[in-house]
Structures are given as C-alpha cells and as structure tokens.
Amino acid sequence: MYLKIIFLTSLAVSCKIFSQTTGNRSVAVTLPIVTLMDIEPAGAISLNYTAPTEAGNAVTVPAVNTTKWVNYTSAIASGGLTRRITASVNQVIPGVDIKILAAAASGSGGGTLGTPSAQITLTTTAQTIISGIGGAFTGNGTNNGHRLTISLTTNTYANLSARTNTPVVITYTITE
C-alpha cells in the first residue's frame, strides 16, 4: 500500500497597490491691456442763464448739472503707470467759467479706482479731473463710476454777451 501524503500549503499574499500619477499641463493666460472710458448717459445737457424780471438785477446762473457719470475699465501692464482722466473744452465763452468736479467713485465697481481732483475751470488745455486709476472697473451706466458736477459761473460781467445755443464740447480723455 502506498501512502500518499499531500501537503497543502496555503500561501496568502498580501500586497498593497500604490498608484500615484502626476502630470503637468500648460495653461496659456492672456490679459490684454485695457483702457476704456465713456460718459453716461449719452446726450447733451443744457445750461441756460435766465434773464432777470426786474431792472437792476443780474442774470441768473443756471443750476448745476449732476446727470453725467464717468465709467471706465482699466487693466494696466505689470509695473505699468496708473491712468488719469482729463477734461477740456473746444472753446471758452467770454465772461463765463465752465467748471467741473468729479466725485469719488461709487456703485458696483472694484479695483484701484481713481481719485478725483478739486473742482477745475475748464479751458482748451486738458486738465486732470481723476488720477491714480490702476486695474479697475467702475460698473456701467448712471450711478456707477464718478458723478460729474458741471456748473457755470460769471467771471467778468462786463465780458458777457448775448448768445443762443452756443455749443461747447467737453472732451474727456483717459491716458497714462
């Protein structure tokens, strides 16, 4: 008789499988230099002196106009200069000063919004009304950006002369 001995050996193998994958992907990011500005709402304003109703009284200066807003978007180059907004007129009317004042920015914008200067008397030479604009946006339309207050004053009464609908164009420019 034959005796067969069978040994069964159970081998349990325990292994942990480690899986780690890394990779690199390039992402191209482009942010263009942006310089945009407009005045809202579009359209002209009228500032009209009123004749007195009694002899000996001066003409009445028109009420100030606060219906216009400066809106802008600015993305500057890395290490670039800040921007500014200037204003000038196409002509000066003898005896009359046209003044402008930009208010501090308000509304839905963000970033490095500009700082308004003090009220200026507009001339045919561009003058800064807002400076220090960095990467920023003001929001669009009325009640966003810098509210403009435009007014007339009489500087020399002797130089006043009658006029009808004399168009004066205020030019706004955003620049570095």
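Buried residues account for 26% of the 176 residues in the protein chain. The structure is a predicted model. Its accessible surface comes to about 12,000 Å². Carbon and sulfur atoms contribute 55% of that area.

The mean for the protein chain is 90. A value of 70 or more is reached by 89% of the residues. Residues 1–11 stay under 50. For this stretch the model shows 0 contacts beyond four places in sequence.

The secondary structure consists of 0 helices and 11 strands. From the N terminus, the order of elements is β-β-β-β-β-β-β-β-β-β-β. Contacts in the protein chain were also examined by sequence separation. Among those with a separation of 6 or more, 79% join residues 24 or more positions apart.

A search for empty space used a rolling probe. Such a probe, the size of a water molecule, shows where space is left when it is rolled over the atoms. The largest pocket has a volume of about 980 Å³. Its lining comprises 33 residues. Nearest the centre of the pocket lie I45, L47, L152, T166 and V168. By class, 23 of the lining residues are nonpolar. A further 8 are polar, and 2 are charged.

Key
Residues numbered from 1 in each chain as written. Predicted model: local features only at pLDDT ≥ 70, side-chain atom pairs only at ≥ 80, totals over all residues. Heavy atoms only, no water. 1 Å grid on protein atoms, 1.4 Å probe; cavity = no way out; pocket = protein on both sides within 12 Å on 5 of 7 lines; lining within 4 Å. Points joined across faces, edges and corners; volume = space filled by probe spheres on them. Nonpolar A, V, L, I, M, F, W, Y, C, P; charged D, E, K, R; others polar. Helix = DSSP H or I, 4+ residues; strand = E, 2+ residues; numbered from the N terminus. Buried < 20%, exposed > 50% of the residue type's maximum accessible area, 1.4 Å probe, protein only. Contact = heavy atoms within 4.5 Å. Areas by Shrake-Rupley, 256 points an atom, 1.4 Å probe, with all protein chains shown as cover. pLDDT = per-residue confidence, 0-100.
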